Every structure is written in structure tokens, then in C-alpha cells.
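This report describes one structure for a reader who has not seen it before. It goes from a single residue to the core, then to a helix and a strand pair.

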Amino acid sequence: MSNSRFATAQEAEDAFYRAFARADLEAMMEVWADDETITCIHPAGPRLDGRSAIRRSWQAIFHDPAGIEFVLTDARRIESGELVVHLVLERVREGKEHMHHVPVIATNVYRLTQYGWRMVLHHASVPPLPQKPAQEQLH
């Protein structure tokens, strides 16, 4: 188990995005709960269950770090006892580019454990394309 102890779900989320931005696999895995019920879904990717599968996925993502910067917007938080859900819009910029990529909608779920708050779910997906107005669809 990790030595890090996150006193709040927000602390765990901040650590998650710091680890992601630094491509730091060990720091990333410290955020996740230490059990096999955790799940991660990357954009357009399959559902990954358990620490081993999630670790391998982050290792592949971090293999060629380009320097990632996150701007989180449209945050919504839902709290219920020992479970907290954070819904955010991730705007990601890689490397030295000055433009952000297509935003990603992310759902991050944290559970209070005996070791503090830990991530149990990260689900990120690309938002759907805007629909044309009904009048344009008819022509």
C-alpha cells in the first residue's frame, strides 16, 4: 500500500492529475485503491479491472511522455458518505503545443478507505459531436 494518505477526495484528485501530468507511474498508482474492484476506462478503450490491468495501461500511456498539462473545467461534485464522485471536463495540452486537444469528459470516483481517500473509478470519454439542428438534418 502507498505511503500517501489523502485526507479528502479533492487531495486524491489533485494527486491523480499531478501524477498524470508528470507521467509518474508510482505516484499514479498511489492514488488508486489497493483492491481488485477498481476500474479504469480510457477514451475509446476497454474497461480495465484491477490494479495490474490499470497499472499496465498507465505504464503504456506514460511510455512516451510529451509533457501534459490539464485544465479542468465544469466541475461537479457529488458526495455521499464514504463515496465522492467528481465530474470534470479535461482540456489536455501535450508537449509544447499551445492548443488544447478535444476536451474529454471524466468521471472520477473516490472511496474513503482505512488509508484515506482513494480512486476506485476513472472513466474518460470524448464528448459526442454536436447535433445539427433538426431543420438542417432534413435538407
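Contact here means that heavy atoms lie within 4.5 Å. The model is predicted. Not counting residues up to four places away in sequence, Phe16 touches Met28, Val31, Trp32, Trp58, Asn108, Tyr110, Met119 and His122.

Phe16 is also among the residues with the most contacts inside the largest nonpolar core, together with Met28, Trp32, Ile54 and Trp58. This core has 34 residues. At least two residues of this core come from each of H1, H2, H3, E4, E5 and E6. H1 gives the most, with seven residues. In soluble globular proteins, nonpolar side chains tend to be buried together.

Helix H3 covers residues 51–62 and reaches 16 Å from its first C-alpha to its last, close to the 16 Å expected at 1.5 Å a residue. Its buried residues are Arg51, Ala53, Ile54, Ser57, Trp58 and Phe62. They lie on the same side of H3 because they cover an arc of only 170° around the axis. Arg56 and Ala60, on the other side of H3, are exposed.

| Element | Residues |
|---|---|
| Helix H1 | 9–22 |
| Helix H2 | 25–31 |
| Strand E1 | 39–41 |
| Strand E2 | 47–49 |
| Strand E6 | 116–125 |

Strand E6 also pairs with strand E5, residues 104–113: the two run antiparallel and are joined by nine bridges. E5 and E6 form a hairpin, with two residues between them. In this pair, Arg111 stands opposite Arg118 in E6.

Notes
Residues numbered from 1 in each chain as written. Predicted model: local features only at pLDDT ≥ 70, side-chain atom pairs only at ≥ 80, totals over all residues. Heavy atoms only, no water. Helix = DSSP H or I, 4+ residues; strand = E, 2+ residues; numbered from the N terminus. Expected span 1.5 Å × (residues − 1). Buried < 20%, exposed > 50% of the residue type's maximum accessible area, 1.4 Å probe, protein only. Arc of directions from axis to C-beta. Pairing = 2+ DSSP bridges. Core = buried A, V, L, I, M, F, W, Y, C linked by side-chain atoms within 4.5 Å.
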